[in-house]
Amino acid sequence: MTDHLETTAIRAGRSADGRALAPVMHASTTFALESVDEGRRLASAPGSTNFYSRYGNPSVAAFEEAIAELEGAEAARAFASGMGAMSAVVLGLCSTGDHIVTQNRLYAGTQMLFSAVCPRFGIEVTAVDGTDPDAWEAAIRPGKTVLCVAETPANPRLDLVDLRRLGAIAGPMTVVDSTFATPLAQRPLSYGVDLVLHSATKALAGHNDASLGVVAGSKELLDWVWGFAVLQGANASPFDAVNGLRGLRTLGVRVARQTETATRLATELSNHPKVAEVVYPGLPGFAQAELAAAQMDLAGGLLTIDLSGGLEAGRAFVESTRIAQLAPSLGGPETLVTHPASTTHVSLFPDELEAAGIRPGTVRISVGLEHPDDVVSDLLSALDACPS
Ligand SMILES: *Cc1c(COP(=O)(O)O)cnc(C)c1O
């Protein structure tokens with residue numbers, strides 16, 4: 001019998017711990033070699049630990065093992081951040097003249113990597129409507145498209161990409177940023193996707209105390225990624241890996257609680273006159289409810305709402321909460337709210353905002369672990385301060 005993923009999250013990744021139950025931090029940047037031959041072997045073996053920590057580190061390797069097990073992958077590589085992982089995948093697997101297909105709604109950092117960095121290296125990027133499964137196929141240029149990079153659920157409106165259709169794409173390698181879902185909600189590799197990636201800074205580490213990224217897939221692909229990553233130097237710190245492992249132990253209860261509170265909050269907000277729209281994969285009215293039910297085991301702790309009162313309402317809402325705090329990031333114990341139109345996306349023109357899925361009154365809520373009654377009453381009270 002195979003364990004449930006909640007159990008795996010507790011049992012996995014203990015290779016660096018000896019008999020200690022809590023993760024052991026190997027802070028060492030270097031390791032004593034027994035012989036010249038051993039040094040030569042470790043310097044060239046992908047993923048070797050016990051050589052030099054940019055190549056691999058026992059505490060970081062333990063975190064990687066845990067993620068590989070949770071994602072059903074042969075191997076994983078951890079990075080200093082989610083963007084460290086994404087840039088290693090994109091720049092490590094693509095060369096000048098290559099082409100990438102991605103979607104038009106993405107985490108802002110990933111979007112910048114595609115729009116500002118890739119062109120400098122002669123890597124062409126086509127961004128499609130990721131919710132249209134045919135659009136991915138149609139944008140592929142045979143022999144030129146090397147990667148299809150999806151994010152599901154995606155920033156900021158939780159658009160879903162059909163994992164079954166994405167995994168069936170032949171030719172280019174497929175990559176899924178599964179940060180919003182965690183392995184408890186979806187396992188992209190089981191659909192034939194080649195690489196799954198996370199900003200573990202978010203729900204996987206889960207306590208806002210680790211900057212961490214990770215990518216998982218076949219050993220062969222991870223060996224390629226490693227070859228670039230060792231030179232890129234965005235390797236995860238052992239301290240963050242230990243915090244990541246500590247966080248993983250409670251992933252099951254955290255995500256279950258956040259989903260429960262988010263479901264209740266989404267329902268209450270849907271009935272409020274000052275809320276024009278609630279976007280949450282767990283609501284029956286979610287635009288892709290059927291796909292959500294088919295590929296997600298949990299709806300998660302993130303929801304996006306549109307306030308009827310527009311920009312002024314958005315600003316007033318995020319400044320009027322008592323428990324929820326105004327901060328970027330998501331997936332931690334604290335409920336967080338963000339108002340993209342007045343903060344992260346303030347420089348965009350109205351048509352650009354609309355294309356990005358951000359309306360003047362759009363607020364993103366990352367539901368935390370406070371008592372559900374307190375979260376719901378706090379956010380309902382904040383609506384009192386909003387113009388309608
Ligand atoms: C935060 C985030 C990233 C970037 O991760 P960092 O750890 O901040 O570098 C990438 N993708 C998604 C979906 C994110 O939420």
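Two strands are said to pair if DSSP finds at least two bridges between them. Helices (H or I, at least four residues) and strands (E, at least two) are themselves DSSP runs, numbered from the N terminus. The model described here is predicted, so local features need pLDDT of at least 70 and side-chain atom pairs count only at pLDDT 80 or more, while totals for chains, interfaces and linings use all residues. Residues are numbered from 1 along each chain as its sequence is written, and side-chain values use heavy atoms, with hydrogens and water left out.

Three bridges join β5 to strand β6 (residues 195-199), and the two run parallel; here V176 has V196 of β6 as its bridge partner. Four of the five residues of β5 (residues 173-177) are buried (under 20% relative accessible area, with exposed meaning over 50% and partly exposed in between; 1.4 Å probe, protein chains only). Strand β5 is therefore largely enclosed by the rest of the structure.

Attention can now turn to the ligand. Around it are 13 residues, of which G82, M83, D177, T201 and K202 come nearest; a residue is near a molecule or strand if one of its heavy atoms lies within 4 Å of it. This shell is made up of four nonpolar, six polar and three charged residues. In that grouping, Ala, Val, Leu, Ile, Met, Phe, Trp, Tyr, Cys and Pro count as nonpolar, Asp, Glu, Lys and Arg as charged, and the others, Gly among them, as polar. A backbone N or O atom of G82 lies 2.8 Å from an oxygen atom of the ligand, and for M83 a backbone N or O atom is likewise 2.8 Å from a ligand oxygen atom. From D177, a polar side-chain atom lies 2.6 Å from a nitrogen atom of the ligand. Taken alone, the ligand exposes 380 Å², and the protein buries 91% of that (Shrake-Rupley method with a 1.4 Å probe; for residues, only the protein chains shown count as cover).

Finally, N57 sits in the loop between α2 (36-44) and α3 (58-71). This residue is buried, with a relative accessible area of 2%. The side chain of N57 reaches the backbone oxygen of H26 at 2.9 Å. A polar contact of 3.0 Å also links the side chains of N57 and S53; such a contact is a pair of N or O atoms within 3.5 Å, and within protein one must be able to donate a hydrogen and the other to accept it, while residues adjacent in sequence count only if both atoms are side-chain atoms.
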